[in-house]
Amino acid sequence: MFLLMLLASPIALFKPYALKLLIDSGFGNQPLPPFIRFFFPDDFDFGFSSVIFIAAGLYVLIALIENTINMFEWIIETYAGEKLVLSFRTTLFNHIQRLSIAYHDQKGSSDALYRLQWDTVAIRTFLLTNLSPLISSIFTLVCMVAVMFTINWVFAAIALCIMPPLFFLIRFSTKRMKKGWNQVKEDESVAMSVVHEVLSSLRVVKAFGQEESEGHRFASKSGRAVNGHMKMAWFGAGFYFIVGMTFAIATASFLYLGAAYIQSGKMTLGELTLLLAYIAQIFGPLQSISKKLNDVQSSISSLERVFTLLDHEQEVEETEHPLPMSKSKGAFQFSEVGFYYRKEKPILNGISFTINPGDRVGIMGSTGSGKTTMISLLMRFYDAKEGTVLIDGTDIRKFRLADYRNQFSIVLQDPVLFSTTIKENIRYGKPGASEEQIVEAAKSANAHDFIMRSKDGYETMVGERGMQLSGGERQRISLARAFIKNAPVLILDEPTSSLDIKTESQIMEAMERLMEGRTSFMITHRLDTLRTCNVILHLEHGKLIDVARDYDLRQLEEKKLTVLNQL
């Protein structure tokens, strides 16, 4: 693209030349330039009709070359632009996925979505729509000024005099525009967050009849962005008005001076026409650059937002030379583990316990006691701020992150399904799994029967987040996904809390098979769910109250109540 733009610049120099030939050699008595006479016989009659034909032919030839260049430039720009945005988005998406859970908990997903979908387009706008034409315009400007100096140095000097004030005007405007566009992008992102929140919680919105209220909230947030756009439009329009009037005054000066030169015989009419055409081609790029200044600042603001996110470091990092891990035995040890977002307010404090391979560990405690945080540390969603977590006697931070997390299967209270088929949701646990393995996993999870009763069987689409299925069906597919992964460590986070008694019994039966031979961690508030566990960890207020083995459920309940009363 850049080479084509450079090629287009000298071609543009010839466009006004056809008009000069017509005026000076057609209507006037100036001889044709030698480089044109070269293509004709020595005795050729360069009469009025011939000169008109030559001038028109030259114009058509220049237009043919110019439009051919423009056609290829358009195609290349589209291809390069789309590939550039795709690459940029992919880079950002991969980075967003690897940012810590803590970052996403703090920032939410709507801002990342806005930057991924809208801000990344600025890379194409900035490099192809703005920067490349800018470089081309500068090259054309240099060529035009050089040609003007060969014709008349006074006019060239006057043309150059307009650039210093234009430079300072642009410098002053960019600071104001940059600040304004940063605020506009922030306001648009906030408006997008309202849409994301409402659509992801639509049942709650409808249940409370808050559609109109949410509509007003969206309009209010979007209105701030609209006001920001209008402020930038007024500022940009005012800037462009000043630039336009500056160019108009400069052009008027050229007309006045040119007329005086012609009258005094220092210049021909054709030369003045050529100079005015070159001046228009000088002022054209400058005026275009000035007009695009608003878009340039918008693009820069978007790019800064993207690069700010790309510069955000991952909180969970691998060591320089991480150890590979094939299959863990499932032995864990927490040694004086502490975690906090703010040091004065610890979430976990001094947690120590040992889990043997094959243990079924129940984790109990009040809401906010730190159960989910402890599991997040176990899976390295976060790294411990204090102490160490060991797996099979080795610090978990020494292993390759992907290998380590591959040791876990997880079943959540609200099972996460993707908007694809049942088969692909089960296969998510083991990409490349065969049809037989998928069916076997579904049978182990007590899911095969309801799948076969579905209209399209394993090819049934589950809808966004699996909402075409019931809660129990989603949970059984989630269990099938854990079965097919066959990881040595299993995490169960309140897997039956929202199910009816019949469905719960089916899920518990499947979980019994799933936990067999694996180290399992089960978070629950219900003590009767802990009957299958042989180790109980009791957390309260971020501290490990008790580690119970060979326990009695009734005594455990009494002890829990006693502890809560003391706290």
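About 30400 Å² of accessible surface is computed for the chain, and carbon and sulfur atoms account for 59% of that area. The model is predicted. Of its 567 residues, 44% count as buried.

**Overall form**
- The chain holds 20 helices and 10 strands.
- Its radius of gyration is 36 Å, whereas the globule rule gives 24 Å for 567 residues; the value is well over the rule, so the chain is more spread out than a compact globule.
- The C-alpha trace spans about 115 × 55 × 55 Å along the principal axes.

**Contacts along the sequence**
- Taking contacts between residues at least 6 apart in sequence, 76% join residues at least 24 apart.

**Helices α8 and α9**
- Two packed helices are described by the angle between their axes and the distance between the axes.
- Helix α8 covers residues 153-161 and helix α9 covers residues 163-200.
- The two helices pack at an angle of about 15°, and their axes lie 5 Å apart.
- Angles under 35 degrees count as roughly parallel, and α8 and α9 are therefore roughly parallel to each other.
- On the α8 side the contact involves A159, L160 and C161, which meet M163, P164 and P165 of α9.
- By class, this contact of α8 with α9 has 6 nonpolar residues, with no polar and no charged ones.

Key:
Residues are numbered from 1 along each chain as its sequence is written. This is a predicted model: local features need pLDDT of at least 70, side-chain atom pairs count only at pLDDT 80 or more; totals for chains, interfaces and linings use all residues. Side-chain values use heavy atoms; hydrogens and water are left out. Axes are lines fitted to C-alpha atoms, for helices over the stretch in contact, and angles run from 0 to 180 degrees between N-to-C directions. Helices (H or I, at least four residues) and strands (E, at least two) are DSSP runs, numbered from the N terminus. Angles under 35 degrees count as roughly parallel, over 145 as roughly antiparallel, 65 to 115 as roughly perpendicular and the rest as oblique. Contact means heavy atoms within 4.5 Å. Ala, Val, Leu, Ile, Met, Phe, Trp, Tyr, Cys and Pro count as nonpolar, Asp, Glu, Lys and Arg as charged, and the others, Gly among them, as polar. The radius of gyration is taken over C-alpha atoms; the globule rule is 2.2 Å times the number of residues to the power 0.38. Buried means under 20% relative accessible area, exposed over 50%, partly exposed in between (1.4 Å probe, protein chains only). Accessible areas come from the Shrake-Rupley method with a 1.4 Å probe; for residues, only the protein chains shown count as cover.
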